[in-house]
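Trainee: I would like to go through this model one feature at a time. Where do we begin?

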Amino acid sequence: MKNNYTMLILAILAIMVITLGFQCGSPEFTGAKVQEQNKNFTEAARLYEKEVQKNPANYEAWFRLGRVKGVELRDYEGMNEAFKEAKKGKIFSNDIHTIRYQFWAMHINNGVAYMKHASADSMEYFDKAIKEYKTSLKIWPDTSLTYHYLVAAYKGKNDIDNMIASLTKIWEMDKDKESYKSVGRIYSQMGLEKKDQFKAENAEQLKLQKDLGEIDKGSYKSDVMSAIGAPDINKKDKKNPKKEEWTYNKYAMTLTFEGERVTSKKMAKPYVFKIDSTKYFEAVNNFNKAVIIFEKIKAVDPKDNENLNLLLQAYYEANRIQEATEAFKLAVVNEPGNKMNHYILGLLHRTVENYNDAISEFNEAVKIDPTFADVYFDIAASYYNWGVKIKKAAQEAGDESMAYKEKFQSALPWLEKVAELKIKAAKDAAAVSKKDVYAELKNEDARIWDTIGTIYALLGQADKATKALDEADKIKKFAK
């Protein structure tokens, strides 16, 4: 009996030893803590790694491994890998957050300090700031805030590609519209710059292309002379002194005149313009990239009016009018009460000279919001452009019809409504600023009165034309 009791005591002691030994940890875990205490951090990390390989559920070992790698060895990727496993144990989550935030903030502050010294003459500080921000990204890759800091540094350095990449990352993480709009704006701006380069490099040939294209039936002799100069051959008709032929050898073009106007235009062969379109296609490529950006934002927020306008501009510059028109037709069907969809669809119709549908859409926008002042000008512009088109077609056909005047007349009340609203806003502003009313107006307001005056002149109403042009002159005198 005594032997059995002794054996039982020994068995219990053995179990206690085994249990206590496990609670105190394996030799690797214990050794790692000793090495950490002795500040031999490389060896401590090695032993912690051996421990977690043997015992993956030892979350304390994972936490200690992450802390040693991050705090002591500055191996932030290794820190995050270890912390990812440690968080599965849940008890270390707050400690992990504190450590990551502390070192993230430290490197962010370092970057901000470098940015204070950065300038066009001290570009190296931008690089130093970027290095610090990238380190913060390694420490805390889950926050988009670091990318905002990177955007500022890349912008200062004029590193457009990395700026775009950082803004895009913000969009991917947070669906931040404003950041992604910036990407679209960058592509649009790059497109405009390429377009300007294309125009500058080909200015002479583009002007010639425009001038030759505009010379057609109905053109005035003086306009032809002004555009392309005197002809190489001027052949007069002996039987009809009002008739003559001008031949331009360089363009293989012969123009027939009756009196002061062109009645016939013949090209022996097409004239080949020496235009390098490389920059043009680069511009279109950038505008297409902008379209993709603004379309993604539209899918997230179809009611963002600013984005819709940016999308419209990008479509227009990319020469994708038909595609844009179909997209906004669908938008109108899906959201008939959205004034901006009607407005933009109207602008698209007007771009391709579909004035009737343009005015119809603009009117729908006014019905939805009678205070939508911008659309008043576009209705007027549509009627005016329509009248110009009719007038030009009549000239080319030798038709003296006055049908165009009806469109000009229809434009007037809308233009006058715009002018009225501008004056009212100026009076309200002047009451606050104590300035002259005209000082609160701008050059673009003067153009409205210029257009009103021009229309009245075309309609033969000289007194009203003079009055409108006088208003334009007063605004120009004081305009900002």
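Trainee: How many aromatic pairs does the count come to?

Mentor: This is a predicted model, in which local features need pLDDT of at least 70, side-chain atom pairs count only at pLDDT 80 or more, and totals for chains, interfaces and linings use all residues. Residues are numbered from 1 along each chain as its sequence is written, and side-chain values use heavy atoms, with hydrogens and water left out. Rings of Phe, Tyr and Trp (its six-membered ring) pair if their centres lie within 6.5 Å; planes under 30 degrees apart are stacked, over 60 edge-to-face and the rest tilted. By this rule the count of aromatic pairs is 22.

Trainee: What kind of aromatic pair do Tyr 343 and Phe 372 form?

Mentor: Tyr 343 is in helix H16 (residues 339-351), and Phe 372 is in the loop between helix H17 (355-368) and helix H18 (374-396), 29 residues apart; helices are DSSP runs of H or I, at least four residues, numbered from the N terminus. Their rings are 5.2 Å centre to centre with 65° between the planes, so the pair is edge-to-face.

Trainee: Is Phe 372 buried or exposed?

Mentor: Buried means under 20% relative accessible area, exposed over 50%, and partly exposed in between (1.4 Å probe, protein chains only). The relative accessible area of Phe 372 is 8%, so Phe 372 is buried.

Trainee: With which residue does the side chain of His 107 make a polar contact?

Mentor: His 107 is found in helix H6 (residues 93-117) and is buried, with a relative accessible area of 10%. A polar contact is a pair of N or O atoms within 3.5 Å; within protein, one must be able to donate a hydrogen and the other to accept it, and residues adjacent in sequence count only if both atoms are side-chain atoms. At 2.7 Å, the partner side chain is that of Glu 132.

Trainee: Over which ring does the charged end of Lys 33 sit?

Mentor: A charge sits over a ring if NZ of Lys or CZ of Arg is within 6 Å of the ring centre and within 35 degrees of the ring normal. The charged end of Lys 33 is 4.4 Å from the centre of the ring of Phe 29.

Definitions and conventions: Helix = DSSP H or I, 4+ residues; strand = E, 2+ residues; numbered from the N terminus.
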